Amino acid sequence: MGWTGPLVEVRNVSKIYGRPPRQVVAVERVSFEIRPGEFVALLGPSGCGKSTLLRMITGLARPNEGEIRYRGQPLQGINPYATIVFQTFALYPWLTVLGNVELALKARGVPPAQRRERALQLIDLVGLDGFEHAYPRELSGGMRQKVGFARALAA
């Protein structure tokens, strides 16, 4: 049986950049949980702390206050089970759709045959079946974003 508690717990987290008097509060006392199977969206205007919060959840930044837990354990360093799909696609232009998705699996040490099979499943899942051998320059913006989603799911 899988994990039944919250996957991610954000408890009273704050992130402050700089020092007084040039201090910027990026995130202030944020708390929430993400449970298995849930999809969560962070919405807000530019500069409100969405990216900062995501960086803290992935372990790329540390909160000044509060705690982030993953599967019940305090997050220490980078969370190897979290990924970010960036707004600016971040695809490798010299790799095909398949190559870009396989890259995440290669980084995790997945053997080539399994890597290809899983990447093809994910490409199909995001609705890009038939575009495995296309290069990013041959795709629309939405299709490129789907490649990013498939790569994040692969990781």
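**Notes on pockets, backbone and salt bridges**

1. Let's start with the lining of the second largest pocket: its residues split into 15 nonpolar, four polar and two charged. (Nonpolar here covers Ala, Val, Leu, Ile, Met, Phe, Trp, Tyr, Cys and Pro; charged covers Asp, Glu, Lys and Arg; the others, Gly among them, are polar.) Keep in mind that this is a predicted model, where local features need pLDDT of at least 70 and side-chain atom pairs count only at pLDDT 80 or more, while totals for chains, interfaces and linings use all residues. Residues are numbered from 1 along each chain as its sequence is written, and side-chain values use heavy atoms, with hydrogens and water left out.

2. What volume does that second largest pocket have? About 450 Å³. (A pocket is an open set of points on a 1 Å grid over the protein atoms alone, where a 1.4 Å probe fits, with protein on both sides within 12 Å along at least five of seven lines; lining residues have an atom within 4 Å of a point. The points are joined across faces, edges and corners, and the volume is the space filled by probe spheres set on them.) The lining is made by 21 residues, and Ala 82, Thr 83, Ile 84, Ala 152 and Ala 155 lie nearest the centre. Helix H2 (97–107) and helix H4 each supply at least two of the lining residues. (Helices are DSSP runs of H or I with at least four residues, strands are E runs of at least two, and numbering goes from the N terminus.)

3. Now for the largest pocket, with a volume of about 1600 Å³. It has 35 lining residues, and those nearest its centre are Val 40, Leu 54, Thr 83, Ile 84 and Val 85. Strand E2 (24–34), helix H1 (50–58) and helix H4 (141–154) are the elements that give two or more residues to this lining. Which of them gives the most? That's H1, with six residues. By class, the lining of the largest pocket counts 23 nonpolar, seven polar and five charged residues.

4. Accessible areas come from the Shrake-Rupley method with a 1.4 Å probe.) Leu 42 sits in the loop between E2 and H1. (Buried is under 20%, exposed is over 50%, and partly exposed lies in between.)

5. The peptide bond from Pro 20 to Pro 21 is cis, with omega near 5°, and Pro 21 is in the loop between strand E1 (8–17) and E2. Asn 12, in strand E1, has phi near 50°, a positive value in a residue other than glycine. Arg 71 also has phi near 50°; you'll find Arg 71 in the loop between strand E3 (65–70) and strand E4 (73–74). Asn 12 is partly exposed at 41%, and so is Arg 71 at 36%.

6. How many salt bridges does the structure hold? Six. (A salt bridge is a side-chain nitrogen of Lys or Arg within 4 Å of a carboxyl oxygen of Asp or Glu.) Arg 11 pairs with Glu 67, with the closest N and O atoms 3.4 Å apart. This pair links distant parts of the chain, strand E1 and strand E3, 56 residues apart. Arg 11 and Glu 67 also belong to a network of salt bridges along with Glu 9 and Arg 69.

7. Two more pairs to check. Glu 33 bridges to Arg 35 with the closest N and O atoms 3.4 Å apart. Glu 102 and Arg 116 form a salt bridge too, at 3.8 Å; this one joins helix H2 to helix H3 (residues 112–125), 14 residues apart. Glu 102 is buried, with 11% relative accessible area, whereas Arg 116 is partly exposed at 39%.

Note on methods. Buried < 20%, exposed > 50% of the residue type's maximum accessible area, 1.4 Å probe, protein only.
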